[in-house]
Amino acid sequence: MSDVPFGFSPHDPDDKSGKPGDNPFDFSQLGNMLSQLGAMLSSAGSSSGPVNYDLAKQIAFQQLSSTTTTVGFAADQSGAVTDAVHLAEMWLDPVTSLPAGTRTTQAWTARDWIEKTIPTWQRLCDPVAQRMSGAWVEAMPAEAKQAAGPLLSMLGQMGGMAFGSQLGNALAQLGAEVLTSTDVGLPLGPEGTAALLPANIEKFTEGLERPASEVMVFLAAREAAHQRLFTHVPWLRQRLLDTVEEFAKGIKVDTSALEQLAGQIDPSNPASIEEAMSSGLLEPQTTPEQKAALTRLETMLALVEGWVDVVVDAAVSERLPGAAALRETLRRRRASGGPAEQTFATLVGLELRPRRLRAASALWKLVGDQHGVEVRDSVWEHAELIPTAEDLDDPLEFAERLASTRKALEDPIAELERTMREDGDKGGDKTEES
């Protein structure tokens with residue numbers, strides 16, 4: 001790496017002192033670079049904010065059009081999705097106290113999935129991109145910022161394009177793989193909309209040796225169960241998105257890497273921006289606060305997926321001959337993740353995978369067996385009752401503690417009086433002993 005910071009001219013070769021102060025900032029270099037960027041940005045569409053979502057959608061649609069041929073569905077496919085969700089809802093009713101959360105059932109193409117989920121991706125990506133895109137401007141010398149003036153916004157747009165380009169690639173890959181609107185464990189689509197992607201389900205079914213109708217109903221049950229949870233647990237959606245924002249707040253970027261990054265970028269070639277950004281030079285440094293937020297997110301994703309896993313198994317295990325095999329296939333698929341999820345992890349720094357899915361499933365199964373379905377599902381009524389990562393290590397202790405914790409939340413005064421009586425009895429015992 002050169003010893004001359006990005007944007008500075010080399011000092012006089014005859015001067016051997018090598019003092020940093022002898023490297024005057026080359027304003028003509030900055031002006032030329034920003035002029036080139038201006039021409040490039042004008043052709044990329046307008047998009048405010050830290051991510052160019054217009055570019056992301058454009059790239060995603062282009063990739064999908066070159067790799068897929070399905071542009072719509074026959075009437076029977078849309079009808080099959082509606083029938084599968086309707087049947088799944090009837091099977092779910094006896095095994096969960098949460099009522100149906102689906103108001104609309106839709107069959108989506110991959111393009112539909114991108115269109116419908118982009119608002120939620122914006123909430124997920126903006127906090128991270130905002131922190132990282134600011135590094136472009138923060139790394140510039142004060143006099144360079146003053147000279148650049150309004151052209152500084154171009155640097156922010158450049159970062160927005162880089163993120164938009166990578167996000168577009170990730171969305172195209174995910175759009176070609178996802179099976180339902182909740183396939184990554186987050187409420188990405190419109191509230192109350194159960195959506196399945198028949199074209200992707202058809203590809204997924206190949207090699208499973210199960211009837212397509214059986215796979216469709218199984219996936220419809222998972223989608224319907226997710227909708228019940230996200231619709232009737234009002235704090236859950238916000239908690240998941242807030243955790244991503246908490247992760248973003250702690251991002252630290254090594255701005256010294258901008259010099260090396262700049263050397264890899266050709267402003268006239270948008271592809272070079274994506275290549276440079278994906279090189280890892282601006283990869284955020286994980287802080288303890290971020291690790292804690294990441295643990296909370298992974299735990300919450302595992303709890304959501306674990307609850308869905310248990311509820312769907314109870315609903316379909318005796319009705320679908322291949323339910324056990326499909327359950328294991330979906331478990332492995334969610335736990336391991338695919339290339340698209342890895343792309344998103346590289347971009348945002350988060351892996352949307354429930355690493356402890358099996359532990360969460362075991363916990364919900366145990367709670368249901370010991371306390372019944374209504375108590376199990378009532379855990380979602382209070383954010384304070386939700387199991388922690390430590391509870392996944394000892395589900396039996398959580399199940400035993402749950403009864404007293406619920407009483408404290410339902411009638412805190414009575415629980416306080418009971419605790420005071422117990423403390424008084426213990427004090428009396430100690431007096432007698434003395």
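Of the 434 residues of the protein chain, 47% count as buried, where buried means under 20% relative accessible area with a 1.4 Å probe, protein chains only. This is a predicted model, in which local features need pLDDT of at least 70 and side-chain atom pairs count only at pLDDT 80 or more, while totals for chains, interfaces and linings use all residues. Residues are numbered from 1 along each chain as its sequence is written, and side-chain values use heavy atoms, without hydrogens and water.

The chain has 19 helices and two strands; these are DSSP runs numbered from the N terminus, with at least four residues (H or I) for helices and at least two (E) for strands.

Next, the core. A nonpolar core is a set of buried Ala, Val, Leu, Ile, Met, Phe, Trp, Tyr and Cys residues joined through side-chain atoms within 4.5 Å. The largest one has 87 residues, and Trp-113, Leu-236, Trp-307, Val-316 and Trp-380 touch the most other members. Helix H12, residues 288-316, gives the most to this core, namely 13 residues.

How do H12 and H15 pack? Helix H15 covers residues 357-371, and its axis lies 8 Å from that of H12, at an angle of about 55 degrees; axes are lines fitted to C-alpha atoms over the stretch in contact, and angles run from 0 to 180 degrees between N-to-C directions. Contact means heavy atoms within 4.5 Å. On the H12 side, the contact residues include Trp-307 and Asp-309, and on the H15 side they include Trp-364 and Lys-365.

Terms used:
Buried means under 20% relative accessible area, exposed over 50%, partly exposed in between (1.4 Å probe, protein chains only).
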